[in-house]
Amino acid sequence: MSTDVSVLRPWSIVGVAAALELHPFEVVRLLARDRSLPGDLRLRPGDVARVVELGGLEVWWSPERGVTPAPPLLVRALAGELLARGIIEPSWTRADNLFRGLGPASQGAVRRAVNVWIRSGVMGSRMSARGLELSVRAATVADLRAFAEGGAGPFSGLVEASDE
Amino acid sequence: MLLDRLAAWQAREQEPFDAALVAVEEEERTARRRLEDALRQAAALASLRREQEELRHQLEVESLRRRREGVRDALALDRSLLEARAAELVAAQATRDRELGVLLSAPAIAPAVAAFVDASEQLAVASGAVAPSAEEALSPSDRALLKPYLLAASAPPPSLDAPSAGIGVVISTDPPQGRPEALLVVLPVPFAVYGDATARPEDLCTLLAYRLVAAVHALLDEVGASEAMVRFAELHGSLALQVWLGELQVVPDLRDRFLEGVAGAVEGAPELEAAGIEVYAVWLTPDLLMETGA
């Protein structure tokens with residue numbers, strides 16, 4: 001009988017990346033820019049915390065934060081998260097923060113909603129060294145809030161209409 | 001009578017002119033023939049010149065094609081060498097891990113290993129909090145018992161005792177002279193290291209890519225391009241980093257900084273030393289790496 005020795009090693013970059021829902025090279029980028037990539041390319045808890053901090057990684061959807069609603073209620077919940085977290089210009093967030101913790105179907109629903117909101121001017125998008133970033137346009141906050149809180153306002157049905 | 005004399009006089013006087021005219025006409029014809037010959041020769045020479053120019057152009061195209069082919073072959077050769085050593089290293093590591101794994105299964109050690117695994121699993125990777133290491137979570141006795149095994153598990157990879165071999169990282173800038181607008185770094189690893197990152201095992205190719213990608217990002221900071229976007233692409237089967245510098249005010253010696261920095265970043269890497277791999281950096285003009293449309 002033989003024990004799996006890998007359990008005794010610090011975490012691999014690919015393992016940490018999978019847990020954080022990042023590409024491994026993004027983990028490398030964050031730590032390299034911080035000059036804190038360990039020489040043995042193995043990560044300890046402190047390194048992981050550094051990645052989370054440097055990358056501005058957030059987990060918006062997790063069992064600990066309550067039940068994640070299914071689409072289409074998820075789209076309203078997403079609008080609420082954006083506003084509650086103050087992701088309003090000039091504050092931006094990584095696009096992958098919106099998806100972290102969601103299953104494939106829910107990720108698809110969020111992706112469609114974000115695309116519609118960008119096209120219709122509800123959200124702005126920009127590319128930066130850390131990838132795609134998103135922000136709610138200040139002028140649309142009131143309407144987005146009405147949608148998030150009661151499913152009302154001009155943004156009601158916007159995402160559904162784009163599917164037709 | 002007078003008319004006869006006049007005609008005779010005219011004929012007499014005209015005779016030399018007629019003879020001269022015949023001679024001149026003959027010379028003119030000769031000159032025209034020579035001129036036509038010369039023109040034909042000039043036309044033939046012009047045609048020959050065009051042929052030579054075309055042949056020379058074809059030679060330049062063929063030369064470029066062969067040099068590009070040479071670069072592609074060199075990239076493929078380096079990649080295959082690295083992949084072969086990676087496979088050997090995986091096998092050597094697996095053998096050593098099996099031996100260590102047997103020791104860890106001993107009844108005296110197994111409970112400490114189980115406690116370590118439990119502690120590891122409890123660390124919330126995505127929590128963002130600075131969690132203690134699994135080792136710190138162990139009891140002092142378990143920690144002392146496990147210490148040598150933890151060190152052994154994290155020891156540098158076993159040496160392959162393979163002959164030392166060099167593989168190249170290709171660096172290129174566009175334009176090749178003056179202030180670069182774009183930077184290209186081609187790594188001697190298969191594109192799958194990036195494209196299938198989550199599915200592939202984290203092997204020697206992956207670790208080299210990590211080190212080189214880290215070096216490129218650190219160097220971008222140093223040359224004044226921290227805001228530059230890095231895109232990963234496939235180039236002749238290899239992983240390439242494309243960096244758009246645009247109007248960024250980068251240092252004038254960017255090329256030398258990258259040539260020194262990229263190769264220097266992997267010096268002393270234990271997995272490369274174990275595999276007998278040395279990494280050097282080489283600069284090439286972009287037309288040798290891709291069709292530039294020039």
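Predicted model: local features only at pLDDT ≥ 70, side-chain atom pairs only at ≥ 80, totals over all residues.
## Basis

Local features need pLDDT of at least 70 and side-chain atom pairs pLDDT 80 or more, while totals for chains, interfaces and linings use all residues. Residues are numbered from 1 along each chain as its sequence is written, chains are lettered from A in the order written, and side-chain values use heavy atoms, without hydrogens or water.

## The sheet of chain B

Five strands of chain B (DSSP E runs of at least two residues) form an open, mixed sheet in the order β3-β4-β2-β1-β5. Pairing takes at least two DSSP bridges. The edge strands, β3 (229-235) and β5 (277-283) of chain B, each pair on one side only. The twist averages 25° from one strand to the next.

Strands β2 (182-190) and β4 (238-244) of chain B pair antiparallel over six bridges. There, B:P190 stands opposite B:S238. Helix α5 (204-222) of chain B (helices are DSSP H or I runs of at least four residues) packs on the sheet and touches β1 (165-174), β2, β3, β4 and β5 of chain B. Contact means heavy atoms within 4.5 Å. The direction of α5(B) makes about 165° with that of β2(B); axes are fitted to C-alpha atoms, over the stretch in contact for helices, and angles between N-to-C directions run from 0 to 180 degrees.

## Helix α3 of chain A

A:G56 follows α3(A), with a positive phi near 65°.
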